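Trainee: I'm new to this one and would like to learn how to read it. Could you take me through some features, one at a time?

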Amino acid sequence: MTAYAEAVSGIRPKMRRAIIMVQDLVMVLVSVALSLTLSQSRLSFDAFSSGGLACWAVIVLAAHLLFRTSGLYNTVWRFASTPDFFNILKGCGSLTVVLYLAAVTFRSFYQPVSGLNERQFIVFFLVSFTIISAPRLYYRFLRDGASWRILRRAPGDAPIKQALFIGRLSEADVIVRFTRTAQPAEYAIAGIMATESDAPLGTQIQGVPVVALRPRLVEVLEEYVKGTENLDLLIFGKGIEREIEDYAELVRVARHSGIAVVQFSGLSELGQGGKLVLDAVEMETIMRRSAVATDTTRIGAFVGGKRVLVTGGAGSIGRVLVKRALELGAEAVLVADNSEFGIFQLDQLIDEKDRDRLTSRIVDVTDKPHMMRLVGEFKPAIIFHAAALKHVPLLEENWEAAIETNVFGTLACAEVAAECGVPQFLLISSDKAVDPTSVLGVTKRAAEQIVSSLHETHAAPSLIHAGGLNGHQAGAHHAVGAHRPGTKFIAVRFGNVFGSNGSVATVFQAQIEAGGPVTITDRRMTRYFMTVAEAVDLVIMSAADAEQRQGSDDYAIYMLDMGKPVPILEVGETMIRMAGKSPYTDIAIRFTGIRPGEKLHETLHGENEEVVKLDIAKLFGLRSDVVEWPRIEAALPALVAAMNDRDKAAALAILAGLYRVEQGIGGAPEQTAPKTVGQIG
């Protein structure tokens, strides 16, 4: 781009508008002089006399007022088009008529003026329109000349989506090349908005101009969406959400204007050609955390060649665990889930090339005999236990199901792992387990204690399991006679993940699509959030780290670094904006009050837990109070009896006792359970 266009781009909008106004007025005066010169007119008065200067002033004032009222300054030069040139035509025509009438009036009532006739005014109109339009046309040509060629569609051509790309120039080069060579063509890049602040503005990459740099990305995008109707798509570069602060605002501006938003994630090789892989921009990407690149080599070495079992593999987290294990080269993956439809959906998500390594079984994790058969036949090297019930208010009413699945389901799977000699068992836990105030929290805390206690013994003593809740009598399950020691038991604790079934993101999305209102329990409520992909990689990293640890350097519980808590109100407001609407105006927000079992703020560790920093980014070890296995074993028959009696208070009191230990870390006194736990129900 020339220095002229680059200089204009760098000026602030208000200053740029003032300069354009002055430039237009100068052009008007030049037009007057040129029209008189071209028509060889000789005025009867001196142009620089007091009367002549007064005429110039009147012309300037009239031009400014007429140009403003004709809408000449309500457009952006870059998008000068037919309506904008009509405004120039209207302004110049109006000015010509006004000046002609003024000249006729002055000549008729005051004094004759020679050298002026209709010919001069016609020439003035043509000259003024030309030289006022020229800078706008030239500027747009310099900025978007290449884009015009791209946007030009021949009759009969298939519709091609016109796109802006926001990202690094190196990626832009790849994307432009692939969009040009793709057959059939799907996208055409009309402009590049570079995230490098030192990129050369106005230069071209394969004929596509660089139209914006940081920090003016939002401003330029707003100009684009106001100035053209041909833009269909906004493409973000890979990982850009972690590099630019205006990411969410760019998404908002695009969606508010009806422009689709996608993110470049790589290339898919198809035969002799290739295809761009563009993923939808989800809420988990918009409400971003500062993520750290995963050590793919390490988790790949851990999972590669192993046989992996994922309980709850058709759920939100389990589904991503399954896909990731396949991507990392697992020899085979077995999914155990009781949802037929969930397994069907999972099968649709798996690439054809990976389906021969995936096996799915419909099974309830509390059905120990069935799980024994599966594990015995499959012989996994690791079990990721993601099966759980996790909806806080719903489980307050369905507390028996919560205990059956979250406590006894974990117990059954852990027992199977020990008896079948599975080298590693990993429980997916929750921040609700910290100082629990809900049925969900209490059951997840009990599950953590089961796993932690087994971690300490590295074996499974005589485990007891209830036969079910449908009128079954409590009874001791057969003792594990010749179990195989050495199973490594660990738990991984983290907070909410975006996009999981029943999460605030999915609930808010449905409410927004229905037109509102978005319901939030309390404007002060906060939660930890993490993307599913990042959480899954860190879960696998926890298992890889635990495999190498022994003795005092070992940890039964790992904790993920979730960053700072995010206000739920902020999540709701952001999602509304991302849908192209305004909070409180287009979509109402209603506060409903805290529901049973909910907290205003969650924590990732208790006061009596020691957080140990590891040499792995975003991952910590936890040293927590551990209940000895005999105490857990003794509590289980009483828990089964309370469930058979449908005595919620007694059942929760027993579970609460499983994390109220007599000695804390380093001999600390017994910790008192939160009063709200014993009062649930």
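Mentor: Let's begin with a term: helices here are DSSP runs of H or I with at least four residues, numbered from the N terminus. In that numbering, I132 is found in helix α5, which covers residues 118–151. Keep in mind throughout that this is a predicted model.

Trainee: Is I132 buried or exposed?

Mentor: Buried means under 20% relative accessible area. I132 has a value of 0%, so it counts as buried.

Trainee: Which residues does I132 touch, leaving out those up to four places away in sequence?

Mentor: The list is D24, M27, V28, F67, I88 and C92. There is also a distance to look at: the C-alpha atoms of I132 and L25 are 9.2 Å apart, while 107 residues separate the two along the chain.

Trainee: Let's step back to the whole chain. How many helices and strands does it have?

Mentor: It has 22 helices and 22 strands. Of its 681 residues, 51% are buried. The chain exposes about 30,900 Å², and carbon and sulfur atoms supply 55% of that area. As for how the chain folds back on itself, take the contacts between residues at least 6 apart in sequence: 77% of them join residues at least 24 apart.

Trainee: How do I judge which parts to trust? What is the average pLDDT of the chain?

Mentor: The general idea is that where pLDDT is low, the predicted coordinates should not be read in detail. Here the chain averages 78, and 75% of the residues score at least 70. Residues 268–273 stay under 50, and the model gives them five contacts beyond four places in sequence. Residues 661–681 are also below 50, with 43 contacts in the model beyond near neighbours in sequence.

Trainee: Now a helix pair. At what angle do the axes of α11 and α18 cross?

Mentor: Roughly 65°, and the axes come within 9 Å. Here α11 is residues 316–327 and α18 is residues 532–548. The crossing is right-handed. On the α11 side, the contact is made by S316, I317, V320, L321 and R324. On the α18 side, V532, A533, V536, D537 and I540 take part. By class, that contact has seven nonpolar, one polar and two charged residues.

Trainee: What should I look for in the backbone?

Mentor: Most residues other than glycine have a negative phi, and most peptide bonds are trans. With that in mind, look at D435, a residue other than glycine whose phi is positive, near 40°. D435 sits in the loop between β12 (424–428) and α16 (439–457). Its relative accessibility is 41%, so D435 counts as partly exposed.

Trainee: Which other residue has a positive phi although it is not a glycine?

Mentor: K618, with a phi of about 70°. K618 is found in the loop between β21 (610–613) and β22 (619–623). With a relative accessible area of 17%, K618 is under the cut-off and therefore buried.

Trainee: And which residues does a cis peptide bond join?

Mentor: G516 and P517, where omega is about 0°. P517 belongs to the loop between α17 (504–513) and β15 (518–520).

Trainee: Back to D435. How many residues along the chain separate it from G606?

Mentor: They are 171 residues apart, yet their C-alpha atoms are separated by 6.5 Å. G606 is in the loop between β20 (589–591) and β21. At 4% relative accessibility, G606 counts as buried. Beyond its neighbours within four places in sequence, G606 is in contact with V434, D435 and R493.

Definitions and conventions
Residues are numbered from 1 along each chain as its sequence is written. This is a predicted model: local features need pLDDT of at least 70, side-chain atom pairs count only at pLDDT 80 or more; totals for chains, interfaces and linings use all residues. Side-chain values use heavy atoms; hydrogens and water are left out. Axes are lines fitted to C-alpha atoms, for helices over the stretch in contact, and angles run from 0 to 180 degrees between N-to-C directions. Helices (H or I, at least four residues) and strands (E, at least two) are DSSP runs, numbered from the N terminus. A crossing is left-handed if the near helix is turned anticlockwise from the far one by less than a right angle, and right-handed if clockwise. Contact means heavy atoms within 4.5 Å. Ala, Val, Leu, Ile, Met, Phe, Trp, Tyr, Cys and Pro count as nonpolar, Asp, Glu, Lys and Arg as charged, and the others, Gly among them, as polar. pLDDT is the predictor's confidence in each residue, from 0 to 100. Buried means under 20% relative accessible area, exposed over 50%, partly exposed in between (1.4 Å probe, protein chains only). Accessible areas come from the Shrake-Rupley method with a 1.4 Å probe; for residues, only the protein chains shown count as cover.
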